[in-house]
Amino acid sequence: MSKQLPAAAHAPADLAATARAAADFGAAADLVDEAAAAALGVNRTDLRILWLVSQSGPLSAAALAGAAKLSPAATTTAIQRLVAARHLTRTVDQDDRRRAVVALTPHAEALIDRVYAPIERAGHRILASYSADELALIAGFLRRGIDMQVAEADRVRALTRS
């Protein structure tokens, strides 16, 4: 793993090229999500909800709203669309009958797997070419980038409230 140097020690061109590669990666991921939404016949918000449920398993509507950073009303509307499209089921929680729980349908699970499993395999093939130290560096960069992106999304959301 390379020794971390203070930001000032890096050549501006190196920082710019790396930042550009990260931005290009994000744009490429956005293209995949756009294609995935089209393949599933949903909009991007609904795709995000499907992804969250696929990663977490069944969720309450309130938990889903929090994870998706949507209002309860927007989440309910999205859930209704996804139930109508037969991508989600909505059932009453057996422990708390006031709570709705949503889960993927088997059909949606199969579609999501058909879209994303090849991407996951391709990513694993790329990652397999890196050493353990390089993977740790990449993972650290990505985690810090995620934290930065989430903070920036919160900052931008706050602009619309002011």
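Okay, before anything else, one definition: the expected span of a helix is 1.5 Å times one less than its number of residues. Keep that in mind for α1. And a caution as well: what you're looking at is a predicted model.

So, α1. This helix has 29 residues, and from its first C-alpha to its last it reaches 42 Å, close to the 42 Å expected at 1.5 Å a residue. Where does α1 have buried residues? At A36, A37 and L40. The buried residues of α1 pack against α2 and α5. Then, just after α1, you get to G41, which takes a positive phi of about 70 degrees.

We've got three strands in an open sheet, in the order β1-β3-β2, and the pairing is antiparallel. The edge strands are β1, at 59-60, and β2, at 88-92, and each of those pairs on one side only. If you zoom in on β1 and β3, with β3 being residues 100-104, they pair in the antiparallel sense over two bridges. Take L59 as your landmark there: its bridge partner in β3 is V102. Now bring in helix α4, residues 72-84. α4 lies across β2 and β3, and it runs at about 115 degrees to β2.

Next, the inside. The largest nonpolar core has 22 residues, and the ones touching the most other members are I49, L50, V53, L64 and L88. Which elements give two or more residues to this core? Those are α1, α2 (44-56), α3 (61-68), α4, β3 and α5 (106-127). α2 gives the most, with five residues.

T105 is in the loop between β3 and α5. So is T105 buried or exposed? Buried: its relative accessible area is 9%, and the cut-off for buried is under 20%. As for who's around T105, again leaving aside neighbours within four places in sequence, the contacts are R86, H87, L88 and T89.

Okay, that's me done. Questions welcome.

Note on methods. Residues numbered from 1 in each chain as written. Predicted model: local features only at pLDDT ≥ 70, side-chain atom pairs only at ≥ 80, totals over all residues. Heavy atoms only, no water. Pairing = 2+ DSSP bridges. Helix = DSSP H or I, 4+ residues; strand = E, 2+ residues; numbered from the N terminus. Contact = heavy atoms within 4.5 Å. Axes fitted to C-alpha atoms, helices over the stretch in contact; angles between N-to-C directions. Core = buried A, V, L, I, M, F, W, Y, C linked by side-chain atoms within 4.5 Å. Buried < 20%, exposed > 50% of the residue type's maximum accessible area, 1.4 Å probe, protein only.
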